[in-house]
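User: I am new to this structure and would like a guided look at it. Could you show it, and then start with one of the loops?

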Amino acid sequence: MDGPGLVRRVVGGVLAVAVCGALSGFSGGAERVASARDRPAVPEAPAVVRRVSAPAGGTVSWGRRVLAGVGAPGVVGPAGMGHPVRETVIKKKDPCARAKCVALTFDDGPMGSTGRLLGILAGRRVRATFFLVGQNVVKDPETVRRESAAGHEIANHSYTHADLGRLPEGKAVEEVTRTQDAIRLASGVTPVLLRPPYGSTDKRLASIARRMGLAQILWTVDPLDWSDRDTDAVERRVMKSVRPGSVVLMHDIHATTVAAVPRIIDRLAARGYTFVTVTELFGGDLEPGGKYVRREP
Ligand SMILES: [Zn+2]
């Protein structure tokens, strides 16, 4: 996404009806994204804007909020609009509007240590997000299927761990497409998230991601687990930097990282954190092509 949009939380049925009215020109029941350019003329006060910012040196993206068809339970929009009542649905989609959430993410798998991690996550009833490398998916589709069946989110991390921001466009498209196909074949799931290896992205990759229906997910907390492969250091660095709304980057291909995960989960749980997938963390506000690093409280 190149231009800023807005994340808007609609609170209360009265405003919801007003929003419905303002958007009545759109097809009934269809989800509608309000942008900075075309947002309806509704009072600003009840809306909360959540900023989604990029890491140093990156561009800043703003999430967008689905507005159309919103209505409070039992409140019906103006006659003839045909919009369904959807307030309850949206609340269920966004548990992190109230809870203290964190998204644990694991890159580069599947690998030998992934199975152990799945056991750890299952034992603690924690769901995470796996950014998969396509060439590893085709070598071990069963583990990918297990990840998905356990309720984890599975997502695209290129086919060969390529620097997508530097590849010719055709090659970048091929990397992403082959991985989508491999994950779909292994699990039946079509990913909606892309994490560019090395965080390497640019406007062109954003455009590719937008066309392919993929939001770009970077990270908030990076314990550099690949550099020294020190379990204690991974735990310490995550615990020092994590905040509500963080996206934590780790790698399940390192046994030293997997060994740190039970400690990290137990300590975060003791601090009251809820563990969610990346899509859940952002409450469904992720837009294809957009770049996201954290959810602001
Ligand atoms: Zn990676």
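Analyst: Histidine 161 lies in the loop between β5 (153-156) and α6 (169-187). Helices (H or I, at least four residues) and strands (E, at least two) are DSSP runs, numbered from the N terminus. This is a predicted model, in which local features need pLDDT of at least 70 and side-chain atom pairs count only at pLDDT 80 or more, while totals for chains, interfaces and linings use all residues. Residues are numbered from 1 along each chain as its sequence is written.

User: What is the phi of histidine 161?

Analyst: Histidine 161 is not a glycine, although its phi is positive, at about 60°.

User: Is histidine 161 buried or partly exposed?

Analyst: Histidine 161 counts as partly exposed, because it has 16 C-beta neighbours inside 10 Å. A residue is buried if 20 or more other C-beta atoms lie within 10 Å of its own, exposed if 12 or fewer, and partly exposed in between, with C-beta atoms placed from the backbone.

User: Where is the cis peptide bond?

Analyst: The cis bond joins glycine 109 and proline 110, with omega about 0°. Proline 110 is in the loop between β3 (101-107) and α3 (114-123).

User: Now the helices. At what angle do the axes of α3 and α10 cross?

Analyst: They cross at roughly 5° and come within 9 Å. Axes are lines fitted to C-alpha atoms, for helices over the stretch in contact, and angles run from 0 to 180 degrees between N-to-C directions. The two helices, α3 and α10, are therefore roughly parallel to each other (angles under 35 degrees count as roughly parallel, over 145 as roughly antiparallel, 65 to 115 as roughly perpendicular and the rest as oblique).

User: Which residues make that contact?

Analyst: Arg116, Leu117 and Ile120 take part from α3, and Val258, Val261 and Pro262 from α10. Two residues are in contact if their C-beta atoms, placed from the backbone, lie within 7 Å.

User: And what about α9? Which of its residues are buried?

Analyst: In helix α9 (residues 231-241), the buried residues are Val234, Glu235 and Val238. Seen down the axis of α9, these fall within an arc of 95°, so they line one face of the helix; the arc is that of the directions from the helix axis to the C-beta atoms. Asp232 and Lys240 are exposed on the other side of α9.

User: What do the buried residues of α9 pack against?

Analyst: They pack against α8 (225-228), β8 (246-251) and α10. Threonine 256, placed in α10, touches Asp225, Arg229, Asp230, Thr231 and Val234, leaving out residues up to four places away in sequence.

User: Which residues touch the most other members of the largest nonpolar core?

Analyst: Val102, Ala103, Leu132, Val247, Val248 and Leu281 do, in a core of 61 residues. Helix α10 (residues 255-270) gives the most to this core, with six residues. A nonpolar core is a set of buried Ala, Val, Leu, Ile, Met, Phe, Trp, Tyr and Cys residues joined through C-beta atoms within 7 Å.

User: Finally, how many helices and strands does the protein chain have?

Analyst: The protein chain has eleven helices and ten strands. Of its 297 residues, 45% count as buried.
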